[in-house]
Amino acid sequence: MDIRDEIAAERRELAEMLEALPAASWDAPSLCAGWRVREVAAHMSMGFRYSFAKVASELVRARGLHRMTDRLARRDAAAMTHAEMAAALRDNARHPWKPPVGGITAALGHDVVHGLDIGVALGLDRRVPHERLRPLLESVTPRTAKFFGADLGGVELRADDLDWSFGSGTPLTGSAQDLLLVAYGRALPAGRLGGDARERFTLRDAGRVS
């Protein structure tokens, strides 16, 4: 598998997903805490639209990575049209952007997870191909879980559609893509996870993000 090919395919598919959304969906909550669909969509193309110098300047101004990404996502979501946000993904399908840590696999993870942040929150039946999920699942470690704010202590993630598990303890079952979201610190809508630990990783209120 060529990860760059999978990244390009993922971005094109996400652009199609965004283009098909009704206007009201853009203001619906995503699985990213505090972000609507429009903030997630704007954030996904941030790395293509900002130079390194501009990112560095914004980072200093915001005094922190998370504050910077939140500030830019909100600003860009207010300034860009829905069509522009979708086009930013399609037009940059082959863009070589990578996060500061994690390399090309992390770039794939960025696209896949944020696409699921939107699709799962909206109840869309989009399935990420297993060949894209495998390298992301294999990159899950206690360190990455901690970085993304996932508390997986005492839990074993066990995919029911792929031969993959992580951790030890009380089994938490679900599709590979849903468990990937758990490993990235997301809580999911009710009914997507199984096992005695499922309530710990389930959204408490239907209209509230985790």
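Buried residues, meaning those under 20% relative accessible area with a 1.4 Å probe and protein chains only as cover, make up 49% of the 210 residues in the protein. The model is predicted, with local features needing pLDDT of at least 70 and side-chain atom pairs counting only at pLDDT 80 or more, while totals for chains, interfaces and linings use all residues. Residues are numbered from 1 along each chain as its sequence is written, and side-chain values use heavy atoms, leaving out hydrogens and water.

**Overall architecture**

- The protein contains 10 helices and three strands, defined as DSSP runs numbered from the N terminus (helices: H or I, at least four residues; strands: E, at least two).
- Along the sequence, these elements follow the pattern α-α-α-α-α-α-α-α-α-β-β-β-α.
- The radius of gyration, taken over C-alpha atoms, is compared with a globule rule of 2.2 Å times the number of residues to the power 0.38.
- A compact globule of 210 residues would have a radius near 17 Å, and the protein agrees with its 17 Å.
- Along the principal axes, the C-alpha atoms fill a box of roughly 45 × 35 × 35 Å.
- Of the contacts (heavy atoms within 4.5 Å) between residues at least 6 apart in sequence, 64% join residues at least 24 apart.

**Nonpolar cores**

- A nonpolar core is a set of buried Ala, Val, Leu, Ile, Met, Phe, Trp, Tyr and Cys residues joined through side-chain atoms within 4.5 Å.
- The largest such core has 37 residues, and Leu-157, Leu-172 and Leu-180 touch the most other members.
- Two or more residues of this core come from each of helix 1 (3-19), helix 7 (103-121), helix 8 (130-138), strand 1 (155-159) and helix 10 (176-183).
- Another core, of 23 residues, lies apart from it and includes Phe-48, Met-85, Ala-86 and Leu-89.
- Leaving aside residues up to four places away in sequence, Leu-180 touches Val-112, Val-113, Leu-133, Leu-136, Leu-137 and Val-140.

**A buried loop residue**

- Val-128 sits in the loop between helix 7 and helix 8, and it is buried because its relative accessible area is 4%.
- Beyond residues up to four places away in sequence, Val-128 touches Glu-10, Val-112, Leu-116, Leu-133 and Gln-177.
- The C-alpha atoms of Val-128 and Leu-152 are separated by 23 Å, the two residues being 24 apart along the chain.

**Surface**

- The protein exposes about 10,300 Å², of which carbon and sulfur atoms supply 53%; the area comes from the Shrake-Rupley method with a 1.4 Å probe.

Definitions and conventions
Buried < 20%, exposed > 50% of the residue type's maximum accessible area, 1.4 Å probe, protein only.
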